[in-house]
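Come along and look things up with me.

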Amino acid sequence: MSQPLPKLVHTIAELRAAVAAARTAGKTIGFVPTMGALHEGHLSLVRAAKDECGFVVVSIYVNPSQFGPKEDFSKYPRTLDADMALLAGHADLVFAPSNEEVYPPNHATWVTVGSVAEPLEGACRPDHFRGVATIVLKLFGMVQPDFAYFGQKDYQQALVIERMTADLNVQTMIRVCPIVREPDGLAMSSRNRYLSSSDRKPALVLSQSLALAEILVKRGERNAAKLAARMREVIGTASNARIDYIAIVDPQTLQPMEVLSGDVLVALAVKISNTRLIDNRVLHVSDSRTHTV
Ligand code: AMP
């Protein structure tokens, strides 16, 4: 038997009415913000929301303000019908607003998060996190969720949202869920659709270099520069790969670590031909052993 499609709304007024009805019925509101082109990674967040909340809202909105002028906003995949089908039986409500609904002409407020938004993605994509923080806070204002779910795939994004909600006293609880990968290790991403068949295998250098980092740390490597050099070698095996950054940093502050100890975030951004991919892994470095989360 086919599962029921979620209700689809396009305006803030319809969204608020549906959420208010769920609240009146005593339900907890879970929220998963997305840009659509949904895959199992998104679905894992929706499942986590459903496990914890009585009513699950998914937003599908390709937010123009988080794309740079030379980035892929206009070609970003928009697949609402397929997204609705994937969410059948999982989400209760889908909110897919227009740009006019989200950013009316007099919109003039932007949210800027400090230090955790500055390195890594923030350095490569100026204004990206200003766009992300603004849209997430706006969506939180529209949905007013009890819980909101983000993926560790976008590690820094989750950290920026956690910082923002703490600093601005937003009551929504933030949950961060593990990275969902293809069987061969490639982190699922809407942008994987851009990979040509000849790019698909080279794209594995991201997860392979992270796996190597973990092995080397397990074997006792504690020097971040040496680790990064070995990762660079792996990525260099793909002739069409170009590294934006390899970061070996403190997972809370995103400040570089030279000597590894405690928890370490290894994060990277690599362009495979024209497709920019990101991936990361948190390593737990102890004197005797290392394991990942
Ligand atoms: P996006 O549609 O790319 O804006 O992503 C929406 C949410 O899904 C973000 O919180 C992402 O971190 C999360 N997400 C995307 N890909 C994955 C993945 N492979 N595993 C887990 N979460 C993911």
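Before anything else, a definition: strands here are DSSP runs of E with at least two residues, and they are numbered from the N terminus. With that in hand, I looked up Ile 278 and found its place in strand 9. I also noted that this is a predicted model.

**Entry 1: Ile 278**

Is Ile 278 buried or exposed? I count Ile 278 as buried, because its relative accessible area is 18% and buried means under 20%. Next I listed the contacts of Ile 278, leaving aside neighbours within four places in sequence: Glu 121, Lys 153, Asp 154, Leu 206, Tyr 245, Leu 268 and Ala 269. I also checked Ile 278 against Tyr 155: they are 123 residues apart in sequence, and their C-alpha atoms are 9.6 Å apart in space.

**Entry 2: Thr 275**

I stayed in strand 9, where Thr 275 is found too. Thr 275 has 3% relative accessibility, so I put it down as buried. Beyond its neighbours within four places in sequence, Thr 275 is in contact with Arg 191, Tyr 194, Leu 195 and Val 270.

**Entry 3: the cavity**

How many cavities of 30 Å³ or more does the structure hold? I found one. About 50 Å³ of space lies in the largest cavity. I wrote down its lining: Lys 153, Leu 186, Ala 187, Ser 189, Asn 192, Ala 203, Leu 206, Leu 277, Ile 278 and Asp 279. Ile 278 from my first entry is one of these lining residues. Sorted by class, the lining has six nonpolar, two polar and two charged residues. Which element gives the largest share of the lining? That is strand 9 (residues 275–285), with three residues.

**Entry 4: helix 1**

I moved on to helix 1, which runs over residues 12–24. At 1.5 Å a residue, its 13 residues should span 18 Å, and the end C-alpha atoms are 18 Å apart, so the two agree. Which residues of helix 1 are buried? My list reads Ile 12, Leu 15, Ala 18, Val 19 and Ala 22. These residues cover an arc of only 130 degrees around the axis, which puts them on the same side of helix 1.

On the face turned away from the buried side, helix 1 carries the exposed residues Ala 13 and Thr 24. Among the elements covering the buried residues of helix 1 are strand 1 (7–9), strand 2 (29–34) and helix 6 (128–143). Just after helix 1, I noticed that Gly 26 takes a positive phi of about 85 degrees.

**Entry 5: helix 2**

Helix 2 (residues 40–52) has 13 residues, and I read 18 Å from its first C-alpha to its last, close to the 18 Å expected. Its buried residues are Gly 41, His 42, Leu 43, Leu 45, Val 46 and Ala 49. Their cover includes strand 2, strand 3, helix 3 (80–87), strand 5 (147–151) and strand 6 (173–177).

**Entry 6: helix 3**

In helix 3, I found Asp 83, Met 84 and Leu 87 buried. They share the same side of helix 3, because their arc around the axis is only 100 degrees. Strand 1, helix 2, strand 3 and strand 4 are among what covers them.

Methods:
Residues numbered from 1 in each chain as written. Predicted model: local features only at pLDDT ≥ 70, side-chain atom pairs only at ≥ 80, totals over all residues. Heavy atoms only, no water. Helix = DSSP H or I, 4+ residues; strand = E, 2+ residues; numbered from the N terminus. Expected span 1.5 Å × (residues − 1). Buried < 20%, exposed > 50% of the residue type's maximum accessible area, 1.4 Å probe, protein only. Arc of directions from axis to C-beta. Contact = heavy atoms within 4.5 Å. 1 Å grid on protein atoms, 1.4 Å probe; cavity = no way out; pocket = protein on both sides within 12 Å on 5 of 7 lines; lining within 4 Å. Points joined across faces, edges and corners; volume = space filled by probe spheres on them. Nonpolar A, V, L, I, M, F, W, Y, C, P; charged D, E, K, R; others polar.
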